[in-house]
Amino acid sequence: MAADSTSPLDRARRKAFRRLLPVLFISYMIAYVDRVNVAVAKLTMMKDMPDFTDAVIGFGSSLFFIGYFLLEVPGTLMVERWSARKWICRIMVTWGMMAGLTAFVRTPVEFYTVRFLLGLAEAGFFPGVIVYLTHWFTSRDRAKALSYFLVATPFAQMLSPISNWVLKYGTTEVMANGETLVHPKLLGLVGWQWVYILWAIPAVVLGIGVLWLLTDRPRQATWLTQEERDALEAELDRERQLKTKGKRMTLMEAFSHPKVLLLCAAYFFITTCSHSMELFMPSVVKDWYAVSRDQFTWLIVLPPLLALCGQLFGGWSSDRFQERRLHACVPIAIGGFAMLLAPLTYGNLFWTMVCLMVTFAGFKTYMPAFWSLPSLFLAEAAAAGSIGLINSVGNLGGAVGPSIIGWIKTNTGSYTSGFYFLGSSMLVASVIVFFLGLGARNPKTTEPT
């Protein structure tokens, strides 16, 4: 067999993609399913428990992000200063337990409590992985690596047919021919309860497996040769030295940096829309159109399917052209305009789905380029803390958006005003990223400045 003639650095890069990204992808996919299962479960939860209105569901989902906010920065610093694999293990096991407990809530207060605890449990996972990837992937690979990780979210949403199938247990369904079909309970539990339980189990199992499947740093990787470890560590260290240029920014200096604060604001406005739509999109389709259960199951797969394609393309293109700013702000703007147009399509299922698909693609495609921005001007603890800060403050939009949309729907009986609010939020985010002065292509360097 001919010897591999590629450089040690290139061999290490390829091995890191093959070894680490599948584990991180599956972990995030499970995390996202556990987080957004309420969007599916609420379709029958609200029938079984009349106290659970759209306002209750929206507020409970918002509390997830309050708990998430409290531990984001400390959790991210744990990844930088301690151990990514051990911290991710802790996160996955505890979030799996909290997600499973959601199956047994009976009152709004119990629902609020479990969602808050789920946020505490999951805090630090997403920004921790973003930081972890900077320990392994150089600037030329970072957006692509991020895109492979981030497509877990549309994949998770595309698994909704499984949850919809489980949701049938304990329900009565009227068929197209008028026949009534009764689905019995399973072990005394109804479908929405099984949705939470069945998706919680993989989180706990994989969380334990992460201890053996991930490696904290290249120098600890027994699956790389010594030559490959040295080459990758040297390249990563070279990039760190270029960013710091002899001066290391403290954590507090990073937290007060204008660009960090603007990234927090932009992410806040984006998540205000994205988390609201992920929670309420199934309800919008049900509310606007009389479609069968099977039609509905496949319709709600279409938006995340387009988002998946957009995210992969966005990550590839951003690395290919070494450009971050336009790859972030343009998809956000397109998604925002689609959101504003959606109410005008009421009554036309085809155009409604087109708007929802473009909206989803918009608030997913931007992510690889956006999360490459902090590492352009920050390194090590400053980068880790700032990524945690951006994600925690930004995700408060996930608390604000669903609460507002739930309140609007409960009090007006319509989602229209909520759509205008969400679309405007995305346009504000796009403007912030565009004028940030960060991530424009610079052909004279290997990484934009």
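**From the surface to the salt bridges**

Leu70 has a relative accessible area of 47% and therefore counts as partly exposed. The model is a predicted one, in which local features need pLDDT of at least 70 and side-chain atom pairs count only at pLDDT 80 or more, while totals for chains, interfaces and linings use all residues. Residues are numbered from 1 along each chain as its sequence is written, and side-chain values use heavy atoms, with hydrogens and water left out.

Leu70 belongs to helix α2, which covers residues 54–81. Helices (H or I, at least four residues) and strands (E, at least two) are DSSP runs, numbered from the N terminus. From the C-alpha atom of Leu70 to that of Glu110 the separation is 20 Å, and the two residues are 40 apart along the chain.

The salt bridges come next. A salt bridge is a side-chain nitrogen of Lys or Arg within 4 Å of a carboxyl oxygen of Asp or Glu. By this rule the model has 10 salt bridges. One of them joins the side chains of Arg13 and Asp141, with 2.5 Å from N to O. Arg13 sits in helix α1 (residues 8–48) and Asp141 in helix α6 (residues 139–150), so this pair links distant parts of the chain, 128 residues apart. Both partners are covered: Arg13 is buried because its relative accessibility is 18%, and Asp141 is buried because its value is 2%.

Since Lys15 is in helix α1 and Glu228 is in helix α10 (residues 226–244), the pair ties together parts that lie 213 residues apart in sequence. Here the partners have different levels of cover. Glu228 is buried, at 2% relative accessible area, whereas Lys15 is partly exposed, at 22%. Salt bridges with shared partners join Lys15 and Glu228 with Arg11 and Glu227 into one network.

A further salt bridge is formed by the side chains of Asp319 and Arg324, 3.0 Å apart from N to O. Asp319 and Arg324 are both buried. Gln322 is placed in the loop between α14 (302–321) and α15. Although Gln322 is not a glycine, its phi is positive, near 50°. Gln322 counts as buried, because its relative accessibility is 14%.

Leu187 gives another case of positive phi in a residue that is not a glycine, at about 55°. It is found in the loop between β2 (180–182) and α9. Leu187 is exposed, because its relative accessible area is 73%.

Helix α9 itself holds 23 residues, 191–213. The expected span of a helix is 1.5 Å times one less than its number of residues; for α9 this comes to 33 Å, and the end C-alpha atoms are 33 Å apart, so the two values agree. Helix α9 also has a kink of about 25°, centred on Gly207. The bend at a residue is the angle between axes fitted to the seven residues ending there and the seven starting there.

Cys273 is buried, with a relative accessible area of 0%. Cys89 is buried too, at 12% relative accessibility.

Finally, the surface carries a nonpolar patch formed by Leu326, Val330, Ile334, Val431, Phe434 and Phe435, with about 550 Å² of accessible area together. The elements that give two or more residues to this patch are α15 (325–341) and α20 (416–434). Helix α15 gives the most, three residues. Patches are made of residues with over 30% relative accessible area and no salt bridge; like charges are joined within 9 Å, and nonpolar side chains (Val, Leu, Ile, Met, Phe, Trp, Tyr) within 5 Å. Accessible areas come from the Shrake-Rupley method with a 1.4 Å probe, and for residues only the protein chains shown count as cover. Val431 is in helix α20. Its relative accessible area is 45%, so Val431 is partly exposed.

Note on methods
Buried < 20%, exposed > 50% of the residue type's maximum accessible area, 1.4 Å probe, protein only.
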